[in-house]
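Try each task yourself before reading the solution.

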Amino acid sequence: MGKSIFVDLTRCTGCRGCQVACKQWKNLPGEETRNTGSHQNPPDLSFDTIRLVRFTEARVDGKLEWLFFPEQCRHCYQPPCVRVADDFANGALKHDPETGAVYTGPSIMELGGKKIQAIRESCPYDIPRSRKDGKGLAKCDFCLDRIRAGMKPACVLACPTGTMVFGEEEYMLELAGKRLKEVRKRYPKAYLGDPGNVRVIYLYQTDHRLYYQDPLD
């Protein structure tokens, strides 16, 4: 069945601990940014920032609320990015059969131009990012090296509020369903995002479009 991460957005405080932990474990460089009028920093995912906590101030049921959204690759059950990448270079993107993780292979860095653009556009969540020169792609790899060593993904381990829980897919789906019933007592419009299709299962307290701009909307 593979692994999954359940992300309970009603518990996220926007601390960005997951974002920092990802940078540290992957040894990714910091980015020079500027004030864009938001607490979100940097303003978007990039080749060097493969996990980002999005900050949105939204009116929910007449009340002004902060909505925090830790964005990452969803690790689709049937990842279209892998299928498209295989047309250009075998193994450019890989799908681990044991965990379900979707991750990049060395040959991805040999691709550029329209090939990279096609791979990017195949992602329904607009996740992969290329280098500034337009070559290669970077994205969350589910901390596959940690999982294979019997450890939790760095982001999950660093989360201080229990927003993210990692484990076997079947158990995560069961946990998500139970938590949804609890959350709906306070947030009647709460729902799970794409359960059964992706391995990163978000629990939204309200319309997901208030958290971020879905490229499919």
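**Exercise 1.** Which residue in E3 does Ala-58 stand opposite?

*Solution.* First, the ground rules: this is a predicted model, where local features need pLDDT of at least 70, side-chain atom pairs count only at pLDDT 80 or more, and totals for chains, interfaces and linings use all residues. Residues are numbered from 1 along each chain as its sequence is written, and side-chain values use heavy atoms, with hydrogens and water left out.

Step 1: find the strands, E2 at residues 52-60 and E3 at residues 63-71. Helices (H or I, at least four residues) and strands (E, at least two) are DSSP runs, numbered from the N terminus.
Step 2: check the pairing, which takes at least two bridges found by DSSP. E2 and E3 are antiparallel, with 9 bridges.
Step 3: read across from Ala-58, and you land on Glu-65.
Step 4: look at the turn, where 2 residues sit between the strands and Asp-61 has a positive phi near 50°.

**Exercise 2.** Work out why the buried residues of H3 line one face of the helix.

*Solution.* Step 1: list the buried residues (under 20% relative accessible area; exposed is over 50%, partly exposed in between, with a 1.4 Å probe and protein chains only). In H3 (residues 113-122) they are Ile-116, Ile-119 and Ser-122.
Step 1: look down the axis of H3; the buried residues fall within an arc of 125°, so they line one face. The arc is taken from the directions from the helix axis to the C-beta atoms.
Step 2: recall that an α-helix has 3.6 residues a turn, so residues three or four places apart point the same way.
Step 3: see what the buried residues pack against (contact means heavy atoms within 4.5 Å): helix H2 (80-86) and strand E4 (93-95).

**Exercise 3.** In what order do the 4 strands of the open sheet run, and which ones stand at the edges?

*Solution.* Step 1: the order is E6-E1-E8-E7, with mixed pairing.
Step 1: E6 (164-168) and E7 (191-193) are the edge strands; each has a single partner, so one side of each lacks a neighbour in the sheet.
Step 2: zoom in on E1 (residues 3-8), which runs antiparallel to E6 over 5 bridges. Here Ile-5 stands opposite Phe-166.

**Exercise 4.** Which side chain makes a polar contact with that of Asp-207?

*Solution.* Step 1: go to the segment after strand E8 (200-204), where Asp-207 is found.
Step 1: check its accessibility: Asp-207 is partly exposed, at 26% relative accessible area.
Step 2: its side chain is joined to that of Arg-209 by a polar contact of 2.7 Å. Such a contact is a pair of N or O atoms within 3.5 Å; within protein, one must be able to donate a hydrogen and the other to accept it, and residues adjacent in sequence count only if both atoms are side-chain atoms.
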